[in-house]
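Dear colleague,

Please read them with the model open beside you.

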Amino acid sequence: MSQDTEVDMKEVELNEMEPEKQPMTGSPGTLGEKNGMVKVPKEDGEADAGTKFTGLSKEELLQVAGTPGWVRTRWALLILFWLGWLGMLAGAIVIIVQAPRCKELPPQEWWHKGGIYRIQALEAFQDSNGDGIGDLAGVEQRIDYLSSLKVKGLVIGPIHINTPDNLTSTDLQTVDPRLGTKETVAKLLEAAKKKSLKVILDLTPNYRGQMSWFSPETPPNSDFQSKMKAALKFWLELGVAGIQMEGVEQLNVSDWLVCVLGVRVVGWEVICGGDCITGLFLLQDSQLLGEWKNLTSQYSSDGNARVLIAWTGQQDSRQIFSLLNETSADLLVSPYLLRLELEPTGQKVENAIRAYIQAAGEKWPSWSVGGPRRHMASLVKERLLRLYHMLLFTLPGTPFTNYGDEIGLQEPPGQSSVSRMQWNNSANFGFSSKFFPQGGDSSGSNITVEAQSGNSSSLLSLFRHLSELRGKERSLLHGEFMMLPRLVQDVCVYLRSWDQNKRFLVVLNFAGTRSTVTISHSLLPPEATVELSTDPQRQGGQLALKDLTLESSEGLLLHFPYVA
């Protein structure tokens with residue numbers, strides 16, 4: 001067979017092979033080139049010399065790579081790579097070291113992180129069964145609304161059986177049947193838990209009587225103390241998030257003796273003209289509350305801390321400050337701000353706030369205008385109502401409000417009964433299916449939840465906005481408080497700031513007329529942004545802090561960013 005014939009046969013065999021099994025060549029279908037060989041195409045007229053070029057073999061590559069020139073090149077590239085990597089690492093470290101460090105967050109419990117909403121006149125909040133008396137089931141029915149207020153906790157009750165001024169027939173562990181049952185309480189606690197709301201129970205023993213603690217001698221009584229401890233354990237085990245006690249000033253027997261008998265107490269003795277009065281066992285309120293505080297602490301766990309709240313009706317600042325320093329409770333609440341209402345000015349408000357914060361020291365403050373059963377709108381001038389709300393939610397500490405304060409609810413004029421909550425404009429304001437008269441015409445009233453819910457300029461909308469900011473902005477949660485120089489008599493100005501977070505400037509005009517003020521400080525920019533105003537007509541945007549004009553009784557909440 002000739003050579004040409006042999007080549008033709010190989011070509012036929014290759015054509016019949018699958019493409020992926022054919023040998024790699026310079027061009028498909030050409031023969032004579034082995035894998036890895038390249039045939040250089042001829043120029044026109046160039047004779048075919050049969051010259052072919054092949055790549056370097058493995059051995060040849062290794063031989064070339066080992067030459068001094070390539071070795072030096074590889075080392076140079078390797079060194080450059082690691083130098084570049086180390087340079088980037090050093091740069092990152094410098095940036096981290098020189099960058100401002102975030103301030104460590106202070107430890108806070110849930111009652112530090114927002115407002116507390118009191119429903120202590122439970123019989124006036126919501127009737128669930130048509131008997132005309134508000135009850136625990138009614139509170140559960142309104143849990144969605146309560147959640148919308150962005151508060152952190154509710155104070156309910158007292159709810160236990162209490163025959164006025166009768167210690168024997170008072171049962172601290174049994175719910176008044178008109179208000180519900182133990183099972184009703186458990187259902188309310190479960191519903192509140194789903195909405196991330198805490199429920200605090202007021203356990204003031206003689207809440208229907210003349211004195212919260214029956215008599216000055218009752219608190220030192222060992223039998224009574226045992227009953228109180230058993231009741232605290234009972235309700236804490238059921239799941240309440242805390243306990244509140246009213247009239248704590250009555251627990252201090254020494255103060256009562258000084259007031260009534262004109263004697264002086266030293267330790268456990270009563271000094272009276274050099275002779276000791278024997279047979280009288282004295283117990284200071286700090287010791288009694290200390291024992292109850294130990295109980296709430298025992299039932300606390302991570303994420304489920306229990307709070308002990310002490311309430312005093314005292315308005316005298318010296319007595320309030322004395323209780324504040326002595327009490328073992330987590331929070332001492334009083335109508336301290338109510339003393340400002342006679343004729344509040346920026347200067348009076350500034351002095352009162354400074355004094356209270358200084359007296360509190362390291363203790364967490366709390367703020368309240370009225371008592372547990374008095375509404376803010378009945379205690380302060382109407383023009384100042386929104387201003388007081390802004391004050392409460394922007395001061396450092398826990399704000400306390402009563403049911404209905406968020407809509408401007410007032411006590412019926414000339415009546416001693418508490419105001420029923422006004423939900424809508426039905427004949428009984430939506431409180432109960434049972435009809436009974438209540439002072440004022442309900443038709444067309446705007447002091448209802450329904451009327452204010454859809455109105456962005458309403459008091460309810462202001463309350464919700466303030467409450468939400470208080471619970472999420474770090475400068476308002478736990479930020480530093482600084483009272484700024486006051487250049488106008490009726491205007492109070494203070495700054496809330498925390499680390500590198502957004503700052504808040506609060507400007508409150510207590511005057512009944514328009515006021516213009518220039519706010520200047522090294523920590524302030526020339527302009528700030530309107531976050532919220534008590535004046536519904538105020539437009540948002542930037543405001544210059546020089547010659548800032550506030551309307552009558554207007555409160556402004558301004559914010560500006562942190563600048564290094």
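Strand 17 (residues 491-497) is mostly covered, with 7 of its 7 residues buried, where buried means under 20% relative accessible area with a 1.4 Å probe and protein chains only, and where helices (H or I, at least four residues) and strands (E, at least two) are DSSP runs numbered from the N terminus. This is a predicted model, in which local features need pLDDT of at least 70 and side-chain atom pairs count only at pLDDT 80 or more, while totals for chains, interfaces and linings use all residues. Residues are numbered from 1 along each chain as its sequence is written, and side-chain values use heavy atoms, with hydrogens and water left out.

From strand 17, V491, V493, L495 and S497 point one way and C492, Y494 and R496 the other, and all are buried. Strand 17 pairs in the antiparallel sense with strand 16 (residues 480-483) over 4 bridges, two strands being paired if DSSP finds at least two bridges between them, and S497 is the bridge partner of E480. Strand 17 also pairs in the antiparallel sense with strand 18 (residues 503-509), over 6 bridges, and here C492 stands opposite L508. Strands 17 and 18 form a hairpin with 5 residues between them, and D499 in the turn has a positive phi of about 50°.

The largest cavity has a volume of about 40 Å³, a volume being the space filled by probe spheres set on the points. Its lining includes R118, H375 and D405, and strand 15 (residues 398-402) gives the most to that lining, with 3 residues.

The largest pocket has a volume of about 500 Å³, and of the 22 residues lining the largest pocket, E382, L385, R386, I407 and L459 lie nearest its centre. Helix 13 (385-394) and helix 14 (449-453) each supply at least two residues of that lining. The second largest pocket holds about 430 Å³ of space, and of its 19 lining residues the closest to its centre are G361, K363, W364, P365 and P396.

Kind regards

Terms used:
Buried means under 20% relative accessible area, exposed over 50%, partly exposed in between (1.4 Å probe, protein chains only). On a 1 Å grid over the protein atoms alone, a cavity is a set of points where a 1.4 Å probe fits but cannot get out, and a pocket is an open set with protein on both sides within 12 Å along at least five of seven lines; lining residues have an atom within 4 Å of a point.
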